[in-house]
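Q: I am new to this structure and would like a close look at a single part of it. Please take the nonpolar core and the strands around it.

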Amino acid sequence: MYLEIVSPEATLFSSEVDAVTVPGLNGEFQMLNNHAAIVAVLAEGTVKINTHTQTHLVFDDLHGSVVPHADDNKVLTLKIKSGTLEMKDNKAIILAD
């Protein structure tokens, strides 16, 4: 699935991923490839991005808020205050604060 995370300032992440876990209002939930269409409001918490590999990802000053997980080099994390998620046709877009 393709994941794009956008803030008011810039695009924070844009790549193919294996899964994404988000902090929903009623608890954390995960989306995998071919997930049903969904629109959800996100709470404060951590977005966990499961990548197949990090070799193609570039970490620069713009993307400094997306960091590798301490225990797993295939998981990236991003702290958010709130946001909105839309998943449709194997593309997830997170509008994050």
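A: What follows goes through the core, one of its members, and the strand pairings around it. The model is predicted.

The largest nonpolar core has 21 residues, and those that touch the most other members are L3, I5, V20, V47, I49, L85 and I94. Two or more residues of this core come from each of β1 (2-6), β2 (11-16), β3 (19-24), β5 (38-42), β6, β8 (75-80), β9 (83-88) and β10 (91-96). In soluble globular proteins, nonpolar side chains tend to be buried together.

Leaving out residues up to four places away in sequence, I49 touches L3, I5, F13, V17, A19, V20, K74, V75 and L76. L76, in β8, also stands opposite I49. The pairing of β6 with β8 is antiparallel and has 6 bridges. In β8, 5 of the 6 residues are buried.

T51 lies in the loop between β6 (45-50) and β7 (67-68). T51 has a relative accessible area of 3%, which is under the 20% cut-off, so T51 counts as buried. From C-alpha to C-alpha, T51 is 7.6 Å from L76, although 25 residues separate them in sequence.

β1 pairs with β2 in the antiparallel sense over 5 bridges, and the two strands form a hairpin with 4 residues between them. Within β2, S14 is the bridge partner of E4. β1 also pairs with β10, here in the parallel sense over 5 bridges. L3 has A92 of β10 as its bridge partner.

Methods
Residues are numbered from 1 along each chain as its sequence is written. This is a predicted model: local features need pLDDT of at least 70, side-chain atom pairs count only at pLDDT 80 or more; totals for chains, interfaces and linings use all residues. Side-chain values use heavy atoms; hydrogens and water are left out. Buried means under 20% relative accessible area, exposed over 50%, partly exposed in between (1.4 Å probe, protein chains only). A nonpolar core is a set of buried Ala, Val, Leu, Ile, Met, Phe, Trp, Tyr and Cys residues joined through side-chain atoms within 4.5 Å. Contact means heavy atoms within 4.5 Å. Two strands pair if DSSP finds at least two bridges between them.
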